[in-house]
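Here is a short report for someone meeting this structure for the first time. Look at the fold, then read on.

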Amino acid sequence: MPLKPIGVLALQGDFELHRKSLEDLGRPVIEIRAPGQLSQVRGLIIPGGESTTVGKLLLSSGLAQAIRERNAAGRLSLFGTCMGVILLARNIQNRHKGQFSLDLLDITVSRNAYGRQVDSFEVDIPVHGVTSNCDLFHAVFIRAPKIVETGPDIEILAEFDNSPALVRQGNIMGATFHPEITKDTSIHKMFCNMADA
């Protein structure tokens with residue numbers, strides 16, 4: 001039986017690199033720009049980008065409501081990276097007027113907590129669940145948010161600087177870094193396995 005495609009939200013941001021990571025795994029991919037496309041995919045990646053802009057586009061397109069409904073029905077797994085984890089978060093510190101959230105992941109995030117673009121950095125961090133052991137993943141942090149609080153149902157899969165960097169709650173994952181920038185597709189594979197379960 002052929003694998004059901006994974007969607008990548010393609011309203012703005014670095015969705016093309018996520019598409020390449022999934023294709024490197026042999027996974028069919030659909031770039032998602034309209035609510036009707038969600039029925040074609042089992043999972044959706046919300047990539048890095050500009051959270052205010054993408055939030056407005058999610059609302060105006062009807063995608064926000066469709067994502068919430070399909071996720072609540074168990075028909076759509078979600079993975080937010082960098083901006084994507086902000087859009088999934090239940091609480092956003094230093095939230096500015098017009099800042100939208102899907103309110104699905106029980107975490108509190110602080111936007112741009114590691115500084116501006118010039119403060120971007122790379123670091124190897126241990127990730128639980130990539131294999132049966134704890135393997136190092138080369139994580140790239142670009143204008144990254146920080147997860148400052150987690151709810152009781154949040155599973156912490158990776159940490160950096162004593163803060164969660166990769167988390168999971170049910171069929172939702174969130175990363176404060178950009179796994180699509182490296183050639184290591186292990187985190188994308190983890191999401192695909194979760195979406196297929």
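## Helix α2 and its surroundings

At the start of α2, a side-chain oxygen of E50 comes to within 3.2 Å of the backbone nitrogen of T52. That is a polar contact, meaning a pair of N or O atoms within 3.5 Å; within protein, one must be able to donate a hydrogen and the other to accept it, and residues adjacent in sequence count only if both atoms are side-chain atoms. The model is predicted: local features need pLDDT of at least 70, side-chain atom pairs count only at pLDDT 80 or more, and totals for chains, interfaces and linings use all residues. Residues are numbered from 1 along each chain as its sequence is written, and side-chain values use heavy atoms, with hydrogens and water left out.

Helix α2 spans residues 51–61. Helices (H or I, at least four residues) and strands (E, at least two) are DSSP runs, numbered from the N terminus. Which residues of α2 are buried? They are S51, T52, V54, G55 and L58. These residues cover an arc of only 170° around the axis, so they sit on the same side of α2. The arc is that of the directions from the helix axis to the C-beta atoms. Buried means under 20% relative accessible area, exposed over 50%, and partly exposed in between (1.4 Å probe, protein chains only).

An α-helix has 3.6 residues a turn, so residues three or four places apart point the same way.

On the other side of α2, K56 and S60 are exposed. The buried residues of α2 pack against β1 (6–9), α3 (63–72) and α4 (83–88). Contact here means heavy atoms within 4.5 Å. Just after α2, G62 has a positive phi of about 85°.

## The chain as a whole

The chain has 5 helices and 12 strands. Its radius of gyration is 15 Å, close to the 16 Å that the globule rule gives for 197 residues, so the chain is as compact as a globular protein of that length. The radius is taken over C-alpha atoms, and the rule is 2.2 Å times the number of residues to the power 0.38. Along the principal axes, the C-alpha atoms fill a box of roughly 40 × 40 × 35 Å.

Buried residues make up 51% of the 197 residues. Among contacts in the chain with a separation of 6 or more, 63% join residues 24 or more positions apart.

Helix α5 (residues 186–196) is mostly covered, with 8 of its 11 residues buried. Those residues are S186, I187, H188, M190, F191, C192, M194 and A195.

## Two buried residues

D14 lies in the loop between β1 and α1 (15–24). D14 is buried yet has no salt bridge. Where is the nearest side chain of opposite charge? It belongs to R143, 11 Å away. For charge, Lys and Arg count as positive and Asp and Glu as negative; His and the chain ends are not counted. The side chain of D14 does make a polar contact with the side chain of H178, at 3.3 Å. Leaving aside neighbours within four places in sequence, D14 is in contact with P47, G48, H178 and E180.

L105 sits in strand β6 (residues 105–110). L105 is buried, with a relative accessible area of 0%. Not counting residues up to four places away in sequence, L105 touches V85, L88, A89, R90, I154, V167, Q169, I172 and G174.

## Salt bridges

A salt bridge is a side-chain nitrogen of Lys or Arg within 4 Å of a carboxyl oxygen of Asp or Glu. By this rule the count is 8.

| Pair | N to O distance |
|---|---|
| D24 and K20 | 3.0 Å |
| D103 and R90 | 3.2 Å |
| R90 and D106 | 3.9 Å |

D24 and K20 both lie in helix α1, 4 residues apart, about one turn of the helix. K20 is partly exposed, with a relative accessible area of 47%.

D103 lies in the loop between β5 (89–93) and β6, and R90 in strand β5, so their bridge ties together parts 13 residues apart in sequence. D103 is partly exposed at 37%, and R90 is partly exposed at 34%. The pair of R90 in strand β5 and D106 in strand β6 links distant parts of the chain, 16 residues apart. D106 counts as partly exposed at 21% relative accessibility.

Salt bridges that share partners also join R19, E23, E31 and R33 into one network.
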